[in-house]
Amino acid sequence: MRLSTYTPVHPAFTDHVYHQYVVVLKDVDRAGLMAHLQSKGIASAIYYPVPLHMQKAYADPRYKQGDFPVCEYLCDHVVALPIHTEFTDEQLKYVTDSVLEFVEK
């Protein structure tokens, strides 16, 4: 599997309020996927490209690259896809199919 598959769960009596749907990519060209999505009119983003401990504002001599490997991995391998409460099933399928089109090639 080249995408993580941990789908959020919410109670049946509620609606979600998600504004981004973040997937972890494995062996997928993230920049290529984002360009592919953009060519289809689908927004995507990397909201946290730099781990907190590597940001200038939080520089601390106690922490260096490699100290938080999970955080660093995620900063390099996640992409946020669009989602909102007004998505139709057709729009959701378009986004999903577009991601799969790139990932499964």
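Here is a short tour of the model, one selection at a time.

Before you click, note that this is a predicted model, where local features need pLDDT of at least 70, side-chain atom pairs count only at pLDDT 80 or more, and totals for chains, interfaces and linings use all residues. Residues are numbered from 1 along each chain as its sequence is written, and side-chain values use heavy atoms, with hydrogens and water left out.

**Whole chain.** Start with the cartoon view: the protein chain has 3 helices and 2 strands, in the order β-α-α-β-α along the sequence. Helices (H or I, at least four residues) and strands (E, at least two) are DSSP runs, numbered from the N terminus. The C-alpha atoms fill a box of roughly 50 × 35 × 25 Å, taken along the principal axes. Of the 105 residues, 28% are buried; that word means under 20% relative accessible area, while exposed means over 50% and partly exposed is in between (1.4 Å probe, protein chains only).

**Helix H3.** Now select residues 89-103, which make up helix H3. The expected span of a helix is 1.5 Å times one less than its number of residues. For the 15 residues of H3 that gives 21 Å, and the end C-alpha atoms are 21 Å apart, so the two agree.

Next, colour Val95, Ser98, Val99, Phe102 and Val103, the buried residues of H3. They sit on the same side of H3, because they cover an arc of only 130° around the axis; the arc is that of the directions from the helix axis to the C-beta atoms. Turn to the face pointing away from that buried side and you'll find the exposed residues Asp89 and Glu90. What covers the buried residues? H1 and strand S2 (78-82) are among the elements that do.

**Ile42.** Jump to Ile42, in the loop between helix H1 (30-39) and helix H2 (69-77). Ile42 is buried, with a relative accessible area of 7%. Show its contacts (heavy atoms within 4.5 Å): leaving out residues up to four places away in sequence, Ile42 touches Leu37, Pro82, Tyr94, Val95 and Ser98.

**The ring pair.** Rings of Phe, Tyr and Trp (its six-membered ring) pair if their centres lie within 6.5 Å; planes under 30 degrees apart are stacked, over 60 edge-to-face, and the rest tilted. The count here is 1 aromatic pair. Select Tyr63 and Phe68: they form a tilted pair, 5.5 Å centre to centre with 50° between the planes. Tyr63 is partly exposed at 35% relative accessibility, and Phe68 is partly exposed at 37%.
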